[in-house]
Structures are given as structure tokens and as C-alpha cells.
Amino acid sequence: MSNLIRAELQKLFSTRIWWAMLIVMLLLTGLSLTFIVIFAGDPAQNGAPGLPALDDPAWLPIGLSTASGGTIFTMILGVIMMTSEYRYQTITGTFLTTPQRGRVIAGKLGAGVLVGMLFAVISLLVVGAVCVTAVLIAGGEVSLTGNRVPQIVIGVFASLALYAMFGIGLGALIRNQIAALIGAIVWAYVIESIFAAIPALQVVGKWLPGGGSQALMSIDVDTGLGRPDLLPAWGGALLLVGYAVLFAAVANLTTTKRDIT
Amino acid sequence: MSAIEIRNLSKSFGLVRAVDDVSFTVEAGTVTGYLGPNGAGKTTTLRSLLSLVTPDAGEALVNGRRYASLEHPLTEVGAVLEATSFHPGRTARNHLRIMCTAAGLPATRADEALETVGLADAAGKRVGGFSLGMRQRLALGSALLGEPKIFILDEPANGLDPAGIQWLRGFLRHLAHERGAAVLVSSHVLSEVEQTVDNVVIIARGKLVRQGSLASLTQNGDSAVRVRTAADFRPALEAAGARVDEVEPGLLRVYGLDAEAIGQLALDNRVLLTEVTQERSDLQQVFLELTEDTPVAAEGVK
């Protein structure tokens, strides 16, 4: 199995998509971090929640949690890792080398976890450096052990890694690259946000991948619409793994079984 | 046990019966040509052998087993399928290295295989810029990675230039006759494989039409000699025991005498011949008949 995971990593790193995705992730994460730095200390107004000031110990976890915005990118990368095999018909060579198709998908899931963690490391390093600098310049004190900082770091690792798995499972189920990408993005940006924003729907929303991801980091910031109802962090992790495995298992019984012609 | 064994294989795609009750075997040390017009079911047969396509009925076995049950398939079977199945952004070397990693083969095999197929200079180039012939060579390189003893090649000559085809012929013969491999090579062009193969299997519209050694197929039946002459040569030929058809004025098809005997007869009778041609073999005839009246109805089956 370790051979298959290494082969999947080689596949990803021998084309250019991974660093393009990495750059876009850092740019967009940087953008939302910039706003959180600029509007730090703004008081709550018109019912909208305010942000703590930079020198307030409560700011650092909020700043760091912007790194979790990378989930969408590791998910897209996961979808691409799976669907580009069909798009470029490299799936033929892949299945000739490893005719046990379930093992190919398992290898990809394993590689997806590692790639997600790599993205998490890079994102956390960049976001962390900006946050710490901003806090220090504002004259605040940096504590990397208090204020849920360790939990957020673990949450970012877990959610980026698990979203990559999620994307691979989704891609195995929907072999058409464009369809799978559109499905993933619509899901993450439209459906998830509806379920996350409306309290009445949060009963369902907490069982969706986005709810699982929020639970991982316990981002229980009051958005003005009431505190979100979330699973415990371990429950969120299990939920995301569950989705990936479910998709992969269903794919293994359906799409992956199809003839390669 | 045969290296490749196909037993009563059938496969339909929708209403199209792509392969219909086909059986044949390929033995180690021989090259078998799998011939038929486009859409005849060649690719479906080969993909069934490689467990890429699940047959509806029958079996397609390599070394007596289903391909999907092989623990180290690249060391037992080398396959060349469509030349397009490469990621355009990946280099030739990386393509082969990835296969080596997944198969547990040393990475050095990638460069050795590229060397063998004459792509050493292009190893670091992205496949997107490769010509069809280079992709075909790369595909062949991937088949060589595990140094297998069975080769399954689907139209490997497609896109190769004449020198490449010449090289491929020699290479396939070398694999079979010197390294003892079993080689199954498909083609829709008889002349491409005629000089390479030991045995021939012909398929049309999913059904097996003919199989046997190349020699037995070409020696069967009446082979004719085309003779062109302005003189009235027919009585002399018939007196010598030949059967003669007049194709058109001045062009005769002669059965029962070989070209040398006809030449001697012409000299004896002081007749000027402007053409003496051994007509194409029976195999060519069979093949042409198949390719001519077969509509490309099953083209979608590819």
C-alpha cells in the first residue's frame, strides 16, 4: 500500500496543478486574513459581531482559523487527483499496474491525507507568521498554547487533510472532472453556507462536511444568528472520514467497476 | 498451459455484440497477429484479457489466470493500448517512474526502458509535445518495465514512421523468438504484421473467422500469377497444364504454374511478357474480403 501512496504522490507532484492550487489557496487565505487584521478591534454594530483588538488574546485564534479556508482547495485537489485519471485516460495504465481497483482508490485516499497535511503546514506557517507579527506590532502577547490555539492548529490539519479525502471520494463517484468540481464547489459554497447560517437548518447542517469541519475547530463564534449547534471535535473528524469512505465505497461498487474502454 | 488463452469470450456493449464466442490461444515464443477491420472486436478482446473490460461470458486468461488476480501484473504482462493515455504535463521519465513505484520496481527500469525504445533523449520532456510515434514508443516502454514474458499490443504500429515500423517488427520478433515471449499484436492492416507474425487470428464483426499459422493460411488455396502480354499466350499455358482466366484483354490470371515455369514457357514460345506477378496470398484475399464488406457499424465499440 505504501508503494501505491508514493505513486499517487509522484503523480500529483509531477504535474503543475498542485502548486497553482497552493498559490491560490495562500492568496485567498491571505485576503481574508488581511480583513481580519484591518478590522480587528471594530465594535459590534447593527447586530453584526465585532472583532477583538489585535492585542486582545482572543484575536489570535480567530486570525489563525483563517487557515481553515484552505479546505476548498484541498477538496478541489482531491477531486482532480481522481478525475484527471479519467480525463487523460491515465486510468488505463493505473489499472494495468494495479488491477485491484479498490487498492488504487485507497492509495489515493492515503496520498490525499498527506497532501492535505502538507497544505495545512504551509498555510499555518504563512498565516501564523502574519498573525504573530500583527499581534506583536500591536503590542500584544503571543501565547501559542492558550486560547484554543493548539486545537485550531489540529483542526486546520485535520480539516484540510479530510477535505482532500472527501474530494477524492467525490471524484471516484463522479468521474467527469467538470461535473465533480462544480458539484464540490456548489456544495461547499452554496449548500453548506445555507445550512450553516440558518439556525433552523443547523440541526441538519452539523451533519454535513462543513459542519464537521467547524466542529473540528470549535469555531463557536456567535455570528449574530445564535451560537451554532455543532458536534464535538472528534465527531466532526469522524464525520469527514465517514463521508470520504462512504463515497469511496459507493464508487468502488459503482463507477470504479465500469469497463475502461 | 498457454501464455494467453481466450475461451468462448463474449462481450456486448448495449445492442452491439462486440465479441461473440471467440476462442484462441497464444503460445510462448510466438508472435500472433490479431487481425480484423476497425470495430471488429479486437480492442474489446484485448481489454478483456487485461481485466479492463468484464466479459459477459467466457474467459480471457494470462498464464492461466485472470489479469486482475495477478499480484505483480507488470512482471507477467506488458500491454500497449491507446497511445493517448498520458498526462500531457508529465515527462516521459516520470510516467514510467510512477508505474515503477506502484509496481514496486526499481526506478532505474524507467530509464532502461526509455533507452530500449529509443526515447532516452526525450526522457525529460513533457508528453504533451510528443508526436504520435513517440507516444507509441513510450507506451511500448511502459510495457517493458517489468520485463514480462507476455505482450499484448493493440495497433502498436499506429503513428509510427516507416523506420519505426521496421524497428517494431524486429523488436517483436526478438521478444518472441529470442526471449521466448508470447506476443499478441492486433492490427487492421495485414501488411503491417505479415512479415512479423507466426500465427494469425482473424476476427470480423465480433466473430472469429480464421486462425492458424501464417504458413498454413498462405499455402492453402489456389494462388495465381498475373501475366500481362500482348501475344496470344493462352494456348501455350493451357497446353502446359495451367488453368487460365482472362481478366481483361492482355491480362491473364494463371493457376497451376509458378512464375518461373511461366517465364520459361514464355522464353520457349518467344513471347514477350510485360508483367509477371505472384498474386497476393489467400490470406490477403480473405482479409480483403472481410475488410471490404464490413461496415464500420461497430466503430463505437472502440
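**Exercise 1. In which order do the strands of the open sheet in chain B lie, and what is their pairing?**

Remember throughout that this is a predicted model.

Step 1. Read off the order. The open sheet of chain B has 3 strands, arranged S2-S1-S4. The pairing is antiparallel.

Step 2. Find the edges. S2 (16-26) and S4 (57-62) of chain B are the edge strands, and each pairs on one side only.

Step 3. From one strand to the next, the twist averages 25 degrees.

Step 4. Place the helix. Helix H1 (residues 42-49) of chain B packs on this sheet. It touches S1, S2 and S4 of chain B. Its direction makes about 120 degrees with that of S1(B).

Step 5. Look at one strand pair. Strand S1 (residues 4-13) of chain B is joined to S4(B) by 5 bridges, and the two run antiparallel. Take B:Ile4 as an example: its bridge partner in S4(B) is B:Val62.

**Exercise 2. Describe the fold of chain A, from its elements to its overall size.**

Step 1. Count the elements. Chain A has 11 helices and 0 strands.

Step 2. Check the dimensions. The C-alpha trace of chain A spans about 60 × 40 × 30 Å along its principal axes.

Step 3. Look inside. Of the 261 residues in chain A, 46% are buried. Now take the contacts in chain A with a separation of 6 or more: 78% of them join residues 24 or more positions apart.

**Exercise 3. Compare a record with the model: what do residues 181-201 and 233-253 of chain A look like?**

Step 1. Start from the record. An unreviewed UniProt entry lists several stretches of chain A as "transmembrane region", including residues 181-201 and 233-253.

Step 2. Take residues 181-201 of chain A. This span is 81% helix and 0% strand. Its end C-alpha atoms lie 25 Å apart.

Step 3. Take residues 233-253 of chain A. Here the span is 100% helix and 0% strand. The end C-alpha atoms are 30 Å apart.

**Exercise 4. Is A:Pro209 buried or exposed?**

Step 1. Locate the residue. A:Pro209 is in helix H10 (residues 209-217) of chain A.

Step 2. Count neighbours. A residue needs 20 or more other C-beta atoms within 10 Å to be buried. A:Pro209 has 24 C-beta neighbours inside 10 Å, so it counts as buried.

Step 3. Name the contacts. Leaving aside neighbours within four places in sequence, A:Pro209 is in contact with A:Phe166, A:Leu240 and A:Tyr243. A:Val241 is 32 residues away from A:Pro209 in sequence, yet their C-alpha atoms are 9.4 Å apart.

Step 4. In H10(A), 9 of the 9 residues are buried, so the helix is largely enclosed by the rest of the structure. The cover over these buried residues includes helices H4 (71-87), H7 (149-173), H8 (177-197), H9 (202-205) and H11 (233-253) of chain A.

**Exercise 5. How many residues does each chain bring to the contact, and which helix of chain A gives the most?**

Step 1. Count both sides. Chain A brings 24 residues and chain B brings 29.

Step 2. Find the helices. On the side of chain A that touches chain B, H1 (2-13) and H5 (91-97) of chain A each supply at least two residues. H1(A) gives the most, with 6 residues.

Step 3. Sort by class. This side of chain A has 7 nonpolar, 13 polar and 4 charged residues.

Note on methods
Residues numbered from 1 in each chain as written. Chains lettered and ligands numbered in written order. Predicted model: local features only at pLDDT ≥ 70, side-chain atom pairs only at ≥ 80, totals over all residues. Pairing = 2+ DSSP bridges. Helix = DSSP H or I, 4+ residues; strand = E, 2+ residues; numbered from the N terminus. Axes fitted to C-alpha atoms, helices over the stretch in contact; angles between N-to-C directions. Contact = placed C-beta atoms within 7 Å. Buried ≥ 20, exposed ≤ 12 C-beta atoms within 10 Å, placed from the backbone. UniProt positions renumbered as here; feature names shortened; annotations may be inferred. Nonpolar A, V, L, I, M, F, W, Y, C, P; charged D, E, K, R; others polar.
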